[in-house]
Amino acid sequence: MLYHQHFPGMGQTSSSTPPLKNDPDLTSSFGTNPQNFKMKPKIVSQELIAFIESSLEEGKLQETVSAIRNALSDMEKAPVNIALIGETGAGKSSLINALRGVKADEEGAAATGVICTTTERTPYPYAKIPSVILWDLPSIAFCAFHPNEYLKKINIEEYDFFIIVSSGRLKFSDREIAKAIVQMNRSFCFVLTHTDIDLEVEKLINPRRFNKENTLNKIRNSISSILKGVTYQEPLVFLVSNFDVSDLDFPKLEATLLKELPAYKHHMFMHTLSIVTDSTINRKRDMLKQKILKESRMPRATIPFRGLTQNDLEMLEQTLNNYRSSFGLDEASLENISEDLNVTLEELKANIKSPHLFSDEPGTSLTDKLLNYIKHSYFSNFYHLQNYFIDTVASDVKTILSKEELLTKKVSSFYSNASLCWEEFLRKISVSTVVPESTCLIHFIEMFQSDSDEFCHIHFLYLLTCWGLSG
């Protein structure tokens, strides 16, 4: 996969390994902490971000959910920006041409040569996956830029995924770039180019002991070990020849991109979305807490414990309902949201807590249940319960907006049929020794020609890539 554990299916840092934070080596090398760069991914449009922030601030959760669902259903149009980064002569431009299936002398090809040919970041469309842009970046050593200036020059905050390109060996700058990418919560893979030349040199030096697979494994393991040591994650490493796309790991690299990038779009969208929604919800939550702090007569004064009166319970329930309404989680809004999501009201409520805070529980009084929610039983119970209600309601909104299975619209019958056909096809060829020209392939080609659904296109291209026919 293109990713490991950092996002739900998409990140870099293992859950068992601490993320990189304020690495002094990284900071001294780049002149700044890469975490200081405010990421500006374009996979979620600024218009959608502004609409979501406004809707959440006004408590219009239903409108927020609707906007997110529409964006998810139109995901194939969402742009993904992939940056190819490395030193001069690493083969970034040649790799872009190889991925795009164009020759160096063709119109629109990335310029290549023995001298530095890329002086400005340059975008190239990746026609095999709609809306994916490959960015050819200048070398990190270009014009002897200070690393901090380099990060600014290439607009480091705009890319969704990185391909670190190197040749000959893993260099110091490659390691520093990898650390910077991880600190910015982005994913990367590492590509070593000109590996065919390295193999030829090794063969000349040790003709008797030369073993191609052993040599490749040593190179791959060495790079993986070093990158894992500086990024605390298991990196993807590909050894390629830019000029023979059927050799070494190039087919695997291309097949990985074709297979994983559509899912990567969804995960990047949800990750970016959570940053926007969480910060907006947190601001509203904190404003409400500040308000009750000012309104509370004795927020920190100790009072004798006396439990909660019936009047207290009624006031607290009304307070909770007010908070739910403020965030768009009142009963009427939940009913409308459940209809929009094509789930029952009970199914929607099963994912959240606030509607159940005042529900009866056998063997427990309502007073005891509520007081169990707070730890400061000898402080103002009313004040602390208000804070607990706000936290719970805010958390519920985050939960709903993070449930991709709820937010994703049901796919079309074609999408489902394409998935079934794809799975059946893989099952058949996995147990068969016949060549791919089968009735199953013909049927899949017919589906590919009759519909523009991205799912079918991506899997068909992945299929061809595996057979070396994508060009």
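The areas themselves come from the Shrake-Rupley method with a 1.4 Å probe, and for residues only the protein chains shown count as cover. Keep in mind that this is a predicted model, where local features need pLDDT of at least 70, side-chain atom pairs count only at pLDDT 80 or more, and totals for chains, interfaces and linings use all residues. Residues are numbered from 1 along each chain as its sequence is written, and side-chain values use heavy atoms, leaving out hydrogens and water.

Ile 197, Val 201, Leu 204 and Ile 205 make a nonpolar surface patch of about 420 Å². Ile 205 sits in helix H7, residues 195-205 (helices are DSSP runs of H or I with at least four residues, strands are E runs of at least two, and both are numbered from the N terminus). With 55% relative accessibility, Ile 205 counts as exposed; the cut-offs are under 20% relative accessible area for buried, over 50% for exposed, and partly exposed in between, with a 1.4 Å probe and protein chains only.

Now for the inside. A nonpolar core here is a set of buried Ala, Val, Leu, Ile, Met, Phe, Trp, Tyr and Cys residues joined through side-chain atoms within 4.5 Å. The largest one has 77 residues, and Leu 61, Ile 82, Leu 95, Ile 163, Leu 253, Phe 269 and Phe 389 have the most contacts inside it. Helix H9 (residues 250-295) gives the most to this core, namely 14 residues. There's also a second, separate core of 28 residues, with Ala 83, Ile 140, Leu 151 and Leu 170 among them.

On to the charges. Side chains of opposite charge can pair when their charged atoms come close. A salt bridge is counted when a side-chain nitrogen of Lys or Arg is within 4 Å of a carboxyl oxygen of Asp or Glu, and the structure holds 14 of them. In one, Lys 228 pairs with Glu 234, with the closest N and O atoms 3.1 Å apart. Lys 228 is partly exposed at 41% relative accessibility, and Glu 234 is partly exposed at 42%.

Glu 331 meets Arg 324 at 2.7 Å, N to O; Arg 324 is buried at 6%, while Glu 331 is partly exposed at 31%. Arg 324, Glu 331 and Lys 349 are linked in a network of salt bridges. Glu 361 and Lys 369 form a bridge at 3.5 Å, N to O, with Glu 361 partly exposed at 40% and Lys 369 buried at 6%.

Technical notes:
Patches are made of residues with over 30% relative accessible area and no salt bridge: like charges are joined within 9 Å, nonpolar side chains (Val, Leu, Ile, Met, Phe, Trp, Tyr) within 5 Å.
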